[in-house]
Every structure is written in structure tokens, then in C-alpha cells.
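The coordinates and sequence come next.

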Amino acid sequence: MTKIGRNEPCYCGSGQKYKNCHLKADNEAERERRDWAEAGRFLRRDLLKFARDERWATAVADAMPFYWNNHYDAQSAEQMSMPEALRFFDWFVFDYPQPDGHACWMSTPPNAAKTSPTTNSWPWMPGWQTASPAPTSLPATTARRSTCATL
């Protein structure tokens with residue numbers, strides 16, 4: 001979409017200049033979109049730290065071959081690309097059941113440990129868990145072996 005000039009007629013057809021009509025609402029919508037994107041980046045960073053905590057080491061080692069259909073395990077985890085690692089840890093944190101029957105992010109209350117997601121991240125988690133997955137593009141070399149994770 002081409003950016004509309006402040007003094008051009010508004011796209012809604014009101015006859016007013018864009019700056020007097022939809023500029024403020026469009027700027028607020030763009031700011032909210034950027035805020036959500038930034039929150040997602042911080043949440044993913046927090047989740048990676050959280051899932052890599054020592055208390056999840058056994059569960060991660062058990063979950064990895066299950067998720068990757070024995071293509072990756074604890075010994076070959078370093079061979080995963082960053083998109084593969086992010087997909088795995090997203091799945092592990094939200095979907096892999098722990099012994100108490102909950103996903104690991106629900107098994108630990110906020111502030112229970114130094115490596116728990118930050119207090120600011122916790123309100124975002126239920127929405128993150130129920131959100132539709134974003135389209136993922138994998139390099140051709142990884143697309144075949146990762147299809148087991150998309151079932």
C-alpha cells in the first residue's frame with residue numbers, strides 16, 4: 001500500500017484531508033501493531049530462556065526426538081537451524097505435557113524461579129497459546145524433515 005500524504009484527501013471518501021480524518025487512527029493502529037510485534041519478540045526471547053532452564057533438560061531431551069520424529073535428539077540439537085529451534089521451543093513450552101498434565105509454561109507460576117518468563121510476559125501467554133500460527137517458511141533443505149512437526 002502506498003503511503004498517503006497528510007494533505008491528500010482521505011481514502012475513506014469523506015472529502016477531508018487525511019490528517020484531519022484517519023491519520024490519528026492509522027498511526028495508533030500502526031503503533032499497536034508494532035507493540036504487539038515487539039511483545040512477541042520479547043516473549044519468544046523469554047520463552048527460550050525459560051525452556052532452556054536446567055529443570056526442563058530431561059523433558060526437552062525426551063520431547064525433541066518425539067517432535068522431530070527422531071531426526072534430532074539431545075546430542076544433535078545443535079544442528080537445528082534457528083527457525084527449527086524456535087518452532088520446537090514454541091511447541092515445547094505451550095503444547096508438550098509435563099508430568100502434571102500441563103504445558104511447561106503453566107507448570108510454573110510467575111516469579112517461581114529466576115528463569116521464569118518475565119512478569120510482563122505472563123499476560124501475553126494465553127493469547128500467544130491460542131493464536132493462529134503464523135505462516136512459516138523453511139529452507140528447502142529442512143522442509144522435508146520438518147513435516148512431521150506440522151501434522
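## Helix H4

The model is predicted. Helix H4 covers residues 82-95, 14 residues in total, and its first and last C-alpha atoms are 19 Å apart, close to the 20 Å expected at 1.5 Å a residue.

Eleven of the 14 residues of H4 are buried, so the helix is largely enclosed by the rest of the structure. The buried set consists of Glu 84, Ala 85, Leu 86, Arg 87, Phe 88, Phe 89, Asp 90, Trp 91, Phe 92, Val 93 and Phe 94.

## Helix H2

Helix H2 (residues 23-51) has 29 residues, which should span 42 Å at 1.5 Å a residue; the distance between its end C-alpha atoms is 42 Å, in agreement. Its buried residues are Leu 23, Ala 39, Gly 40, Leu 43, Asp 46, Leu 47, Leu 48, Phe 50 and Ala 51.

## Ser 76 in the H3-H4 loop

The loop between helix H3 (57-67) and H4 contains Ser 76. Ser 76 counts as buried because its relative accessibility is 14%, under the 20% cut-off. The Ser 76 side chain reaches the backbone nitrogen of Asp 73 at 2.9 Å.

## Cysteines

How many disulfides does the structure hold? The count is zero. For Cys 12, the closest cysteine sulfur is that of Cys 21, at 3.6 Å, which is too far for a bond, as a disulfide requires sulfur atoms within 2.5 Å. For Cys 21, the closest cysteine sulfur is in Cys 10, at 3.6 Å, also too far for a bond.

Cys 12 is partly exposed, with a relative accessible area of 40%. Cys 21 is partly exposed at 27% relative accessibility.

Technical notes
Residues are numbered from 1 along each chain as its sequence is written. This is a predicted model: local features need pLDDT of at least 70, side-chain atom pairs count only at pLDDT 80 or more; totals for chains, interfaces and linings use all residues. Side-chain values use heavy atoms; hydrogens and water are left out. Helices (H or I, at least four residues) and strands (E, at least two) are DSSP runs, numbered from the N terminus. The expected span of a helix is 1.5 Å times one less than its number of residues. Buried means under 20% relative accessible area, exposed over 50%, partly exposed in between (1.4 Å probe, protein chains only). A polar contact is a pair of N or O atoms within 3.5 Å; within protein, one must be able to donate a hydrogen and the other to accept it, and residues adjacent in sequence count only if both atoms are side-chain atoms.
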